[in-house]
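I opened my notebook to look up a few things about sheets, helices and chain contacts. Come along and check them with me.

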Amino acid sequence: MLEVVNLTKRYGESYALNDVSLSIEQGTFTTILGPSGSGKSTLLMSIAGFVDPTAGDIRLNGRSLLPVPPERRNFGIVFQGYALFPHLSVRDNVAFPLRMRRLSSAETERRVSEALALVQLQDYADRFPRQLSGGQQQRVALARALVFKPALVLLDEPLSALDKGLREALRGELRRLHRKVGMTFVLVTHDQDEALELSDRVAIINKGRLEQCDDPVTLYNAPKTRFVAEFLGKSNFIPVRKLGVDGAVVRLQAGGVVLEHEQAGDATGAEAVLVLRPERIQIAPEGAPVGPNAVRGVVEETSFRGAEISVTVRTEIGTLLARAPSAHPFVRPAPGDRVVLHWMRKAGYLLDSADGTEAAGSG
Amino acid sequence: MIAGSRQTRAFLLFLTPSLVFLTVLFAYPVGKVLLVSVTDPELGLQNYRLLIENAALRRVFLTTVRIAGLTTLIAVAVGYVLAYRMHTAGERELRLIIFCLMFPLWTSVLVRAFSWVTLLQSNGIVNGILIGTGLTERPIQLVRNEIGVLIGMVHVMIPYATLPIYAVMKGIDARLPQAARSLGASSLQTFVRIFFPLTLPGIGAAMILVFITSIGFYVTPIVLGGGKVVMIAEYISVQITETLRWGLGAMLATVLLAIVLLFVFAFRRLTVLREQGA
Ligand SMILES: Nc1ncnc2c1ncn2[C@@H]1O[C@H](COP(=O)(O)OP(=O)(O)O)[C@@H](O)[C@H]1O
Ligand SMILES: [Mg+2]
């Protein structure tokens with residue numbers, strides 16, 4: 001198990017990492033997700049041994065890694081931009097870690113073939129990196145990082161240099177590869193879809209701080225901060241005040257409307273923010289019979305997005321974004337239509353106002 | 001069609017000044033030298049035959065190639081170390097090194113050669129230090145021989161050796177050495193197997209540049225060689241201005257030019273092949 005303990009890295013006065021703690025279980029796929037400049041690479045390179053932390057510790061199975069030089073950590077790294085050796089063939093690139101470990105040439109050859117087969121590049125062994133496409137280079141980098149059976153595989157934005165179609169195809173491949181080899185993967189990315197689709201756990205960092213580390217479903221449905229809620233897709237943030245509790249149901253005052261909410265959430269104070277994903281909001285024509293949480297409004301804008309349609313509605317409690325399946329038989333909202341937005345009691349998530357105001361803007 | 005030919009005409013028009021310039025100042029004199037080398041004192045290749053038959057001439061050639069070769073090896077070795085230091089240096093140290101490298105370039109070669117004479121002569125500072133520290137009892141002969149010429153020439157050539165190597169080092173992706181380390185290579189192995197091979201084009205460029213420059217050195221060997229070390233440029237000058245054997249001088253100049261062109265061509269081939277990945 002890998003543990004990152006209160007890790008801090010300062011460059012002059014600014015913090016690239018600020019008191020980050022994280023633990024990564026053997027065999028899992030963990031993703032470090034954050035916007036560009038948030039400290040993801042710094043975290044990964046600290047684990048790899050190329051960045052000296054200012055404070056804190058990194059432990060593997062209880063032993064501190066800080067005194068161990070990078071070449072002794074036995075971690076396979078796929079660098080941002082791949083860092084393939086341009087003067088070596090694909091075969092020699094993949095054989096490099098085995099040669100450094102002084103394996104016999106027969107064993108080296110066997111393992112290299114195995115690794116190249118794993119990433120389906122058997123026929124490219126004699127090519128040089130510049131003779132390969134971006135996707136193929138990425139796979140060589142993977143083979144090179146896996147061939148010596150490292151204790152941990154670190155990947156720094158391995159897919160971000162590729163175009164969209166290829167990126168999605170390789171995502172599936174990466175997931176399959178992880179299942180097949182059963183090693184511990186730590187991936188860094190700024191792409192939320194990549195993080196949600198690939199990972200067992202996602203650690204979201206922002207400005208050098210860990211915001212939340214959870215499985216993708218929890219992160220999406222129960223974000224602990226407004227930053228997390230905003231970073232993982234769009235959300236509506238409705239400022240509310242708690243009126244009272246009826247068993248499991250909390251009654252909330254939003255503008256002139258009373259809403260009902262039924263789910264734990266973290267909010268403890270009287271002022272809170274209700275986080276509501278657009279796809280959890282239903283749209284109905286005005287006057288249709290609806291449930292407890294209903295607000296009236298006028299459609300401001302619609303945008304067709306293939307499988308779904310995005311609708312911006314100016315309501316009595318502020319402007320809300322809703323999404324409906326575009327194949328919906330009854331709902332064809334158009335700008336100017338008067339509609340009712342409604343949602344179930346369990347649709348939202350309640351945040352403390354303090355957490356909710358940390359990030360700017362609203363979804 | 002019409003647009004095409006008009007474009008071609010405009011292109012030629014723009015090219016004319018440099019073509020004229022090159023013809024008048026370069027092609028014509030070089031052609032003339034070539035001509036003189038086969039027509040003076042009479043039509044034929046007798047000047048070129050001298051290269052094989054004349055022992056003194058052969059000696060000058062060998063001396064020139066030897067000194068230029070040694071200068072190249074030493075300057076490139078020193079340049080490599082300097083370039084590596086620059087590559088790993090912080091900003092302030094880098095600026096200091098660059099200043100120290102560039103400063104001598106603003107001083108005349110003649111002044112630098114005479115400065116070396118005063119430093120290296122029997123009662124100069126260098127011998128003073130050697131005797132003072134007891135490394136030697138009597139002054140070592142450091143000028144008016146090949147050692148003096150080498151010291152002076154290496155000094156002039158070091159910036160030319162350092163900068164191409166440094167440029168290549170700068171261009172190496174910093175993640176490559178990190179990748180090597182992460183894959184289990186020690187820092188020495190990383191240097192030997194990854195960094196050094198990637199700097200070979202820089203070494204090649206530096207060697208060619210230094211060699212083709214050193215082979216035509218004139219002032220430094222005259223001053224520091226003190227008449228004892230004659231390199232080809234000085235020999236040519238003597239043929240032209242003193243013995244008036246213009247044909248011989250022109251022949252030597254032609255051979256020198258041929259050697260330089262050969263190296264430039266070989267280097268181009270080398271880099272083109274590298275880029276094509278052969
Ligand atoms: N060597 C360095 N010197 C100074 N600042 C650095 C250095 N490396 C990274 N930083 C700063 O630390 C922050 C985090 O960088 P990084 O970890 O590369 O972000 P990410 O990978 O998430 O885009 C950035 O603000 C960056 O400017
Ligand atoms: Mg990064």
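My entries follow, from ground rules to the contact between chains.

**Ground rules.** I am reading a predicted model, in which local features need pLDDT of at least 70, side-chain atom pairs count only at pLDDT 80 or more, and totals for chains, interfaces and linings use all residues. Residues are numbered from 1 along each chain as its sequence is written, while chains are lettered from A and ligands numbered from 1 in the order in which they are written.

**Sheet.** I looked up the strand order in chain A and found an open sheet of four strands, 2-1-4-5, with antiparallel pairing. Helices (H or I, at least four residues) and strands (E, at least two) are DSSP runs numbered from the N terminus, and two strands pair if DSSP finds at least two bridges between them. Strand 2 (14-24) and strand 5 (63-64) of chain A are the edges, each pairing on one side only. Strand 4 (residues 55-60) of chain A is joined to strand 5 of chain A by two bridges; I noted A:Arg63 as the bridge partner of A:Leu60.

**Chain contact.** How many residues of chain A are in contact with chain B? I found 19, against 16 residues of chain B, where contact means C-beta atoms, placed from the backbone, within 7 Å. Helix 3 of chain A gives the largest share of the chain A side, three residues. By class, that side has twelve nonpolar, three polar and four charged residues. Here Ala, Val, Leu, Ile, Met, Phe, Trp, Tyr, Cys and Pro count as nonpolar, Asp, Glu, Lys and Arg as charged, and the others, Gly among them, as polar.

How values were computed. Two residues are in contact if their C-beta atoms, placed from the backbone, lie within 7 Å.
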